[in-house]
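Q: Can you walk me through this one? I have not looked at it before.

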Amino acid sequence: MAGQDGITLTLSDIAAQLGGDVLGEGQTPIRRVATLASAGTGDIAFLANRKYRSQLHSTQAAAVILAPAVADEFSGPRIVAANPYAYYARVASLLNPVTQGFSGIHPSAVVSSALSASVAVGSHVSIGKGVTLGERVVIHPGCVIGDEVVIGDDSVLYPNVTIYHGCHIGKRAIIHSGAVIGADGFGFAPDGRDWIKIPQIGAVVIGDDVEIGANTTVDRGALDDTVIGNGCKIDNLVQVAHNCNIGAYSVLAGCTGIAGSVTLGEHCIVGGAGMISGHVTLAPGTTISGGSLVMKNITQPGLYTSVFPIDSHDEWVRNAAHIRRLSHLAERVSELEKKLKEINAND
């Protein structure tokens with residue numbers, strides 16, 4: 001990963017801002033972050049996964065971020081930190097600060113609310129009535145913000161994000177292109193052959209420090225609000241249905257689908273393409289493996305998996321046939337156990 005042109009920090013500069021212990025030459029200049037395998041002059045690499053440990057002996061990195069347990073395995077300049085992966089992320093942010101590329105309100109924007117002078121609004125943005133944007137909010141081109149929306153300080157909306165009326169977004173939010181926040185939940189009442197639309201009169205409430213990926217959708221509540229807690233990270237192409245409550249610091253990977261009225265406790269993780277049925281509750285600290293289907297409450301934290309392992313088609317068909325016969329097999333085993341007990345009783 002290349003740093004931005006002109007940004008060079010020494011190891012001592014980095015440690016002064018982020019902490020950690022510098023071993024070796026503290027004036028080593030750093031311009032970029034890179035992997036151990038690809039790093040060269042001016043690059044700082046990191047070791048977070050022990051399977052790459054052998055690369056410490058061959059890396060050409062100018063410096064390396066290491067955990068205390070392996071600090072002596074690299075003889076060059078290094079920063080010792082408890083969590084090298086998180087430390088690398090912070091270094092990458094120092095070397096690659098986000099620049100919005102514009103300021104003020106573009107003449108083509110349609111703005112129906114009073115905004116702070118620190119807000120930046122790009123071209124062809126539409127901002128409705130009664131909208132409150134915090135300090136230093138950045139709205140990129142093509143975004144649509146409905147009436148009575150609230151967006152907290154230092155939040156960024158990338159191009160073509162849509163925020164429906166009445167939604168609240170906290171401070172330091174990052175919402176990527178194409179995301180839709182506050183569209184109607186999927187609510188219809190059956191009436192004979194017809195489906196009667198149920199007005200979705202709740203909103204979406206998003207906490208502080210939340211990031212939402214491209215083309216992700218978070219539906220507004222039918223009665224109560226849909227809630228995304230502080231610090232949640234939601235990947236691209238995720239669906240969060242109406243009346244869900246996603247606990248603080250939870251993570252949803254790409255293509256996850258969460259049906260209505262699901263409650264996730266704090267610090268839950270759902271792997272890519274995980275599916276959660278409606279009205280299910282997950283205990284805080286639950287992790288769902290990618291591709292798993294959750295159809296019942298999970299009351300104890302831990303790692304849960306429901307994926308059927310991939311196999312050749314013929315082998316999969318044979319295994320699937322056996323699975324379909326499991327109920328009959330269980331009945332046969334039960335009958336055999338009863339007969340065995342009778343035989344033992346008569347001996």
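**Pockets, sheets and loops**

A: The largest pocket holds about 490 Å³ of space. This is a predicted model, in which local features need pLDDT of at least 70, side-chain atom pairs count only at pLDDT 80 or more, and totals for chains, interfaces and linings use all residues. Residues are numbered from 1 along each chain as its sequence is written, and side-chain values use heavy atoms, with hydrogens and water left out.

Q: What counts as a pocket, and what is a lining residue?
A: On a 1 Å grid over the protein atoms alone, a pocket is an open set of points where a 1.4 Å probe fits, with protein on both sides within 12 Å along at least five of seven lines; lining residues have an atom within 4 Å of a point. Grid points are joined across faces, edges and corners, and the volume is the space filled by probe spheres set on the points.

Q: Which residues line the largest pocket?
A: Tyr 85, Tyr 88, Ala 89, Ala 92, Ser 93, Asn 96, Pro 97, Val 98, Gly 231, Lys 233, Tyr 249 and Val 251. Helix α2 (residues 84-95) gives the largest share of that lining, five residues. Helices here are DSSP runs of H or I with at least four residues, strands are runs of E with at least two, and both are numbered from the N terminus.

Q: How do the residues of that lining divide into nonpolar, polar and charged?
A: Eight are nonpolar, three polar and one charged. Ala, Val, Leu, Ile, Met, Phe, Trp, Tyr, Cys and Pro count as nonpolar, Asp, Glu, Lys and Arg as charged, and the others, Gly among them, as polar.

Q: What volume does the second largest pocket have?
A: About 340 Å³. It is lined by 14 residues, and the closest to its centre are Val 98, Asp 154, Val 156, Arg 172 and Ile 174. The lining of the second largest pocket has six nonpolar, three polar and five charged residues.

Q: Back to Tyr 249 in the largest pocket's lining. Where does Tyr 249 sit?
A: In the loop between β28 (245-246) and β29 (251-252). Tyr 249 is partly exposed, at 45% relative accessible area. That scale calls a residue buried under 20%, exposed over 50% and partly exposed in between (1.4 Å probe, protein chains only). Phi of Tyr 249 is near 65°, a positive value in a residue other than glycine.

Q: What about Ser 261, where does that lie?
A: Ser 261 lies in the loop between β30 (257-258) and β31. Its phi is positive too, about 60°, although Ser 261 is not a glycine. Ser 261 counts as partly exposed, at 27% relative accessibility.

Q: On to sheets. What is the strand order in the open sheet of eight?
A: The order is β11-β14-β17-β22-β25-β28-β31-β34, with parallel pairing. Two strands pair if DSSP finds at least two bridges between them.

Q: Which strands stand at the edges?
A: β11 (132-133) and β34 (281-282). Each has a single partner strand, so one side of each is left without a neighbour in the sheet. β31 (residues 263-264) pairs with β34 in the parallel sense over two bridges. There, Thr 263 stands opposite Thr 281.

Q: And the open sheet of five strands, what order does that have?
A: β2-β7-β6-β5-β4, with mixed pairing. The edge strands are β2 (21-23) and β4, each pairing on one side only.

Q: Which way do the side chains of β5 point?
A: In β5 (residues 43-46), Asp 43 and Ala 45 point one way, Ile 44 and Phe 46 the other way, and all are buried. In a regular strand the side chains alternate between the two faces of the sheet.

Q: How many bridges join β5 to β6?
A: Three, and β5 runs parallel to β6 (residues 63-66). Ala 45 stands opposite Val 64 in β6. On β4 (residues 32-33), two bridges pair that strand with β5, again parallel.

Q: Last topic: Thr 216. Buried or exposed?
A: Buried, at 0% relative accessibility. Thr 216 is in the loop between β23 (211-212) and β24 (217-219).

Q: What does the side chain of Thr 216 reach?
A: The backbone oxygen of Asp 235, at 2.6 Å. Leaving aside neighbours within four places in sequence, Thr 216 is in contact (heavy atoms within 4.5 Å) with Ala 179, Val 180, Ile 234, Asp 235, Asn 236, Leu 237 and Val 238.

Terms used:
Polar contact = N/O pair within 3.5 Å; in protein donor to acceptor, adjacent residues only side chain to side chain.
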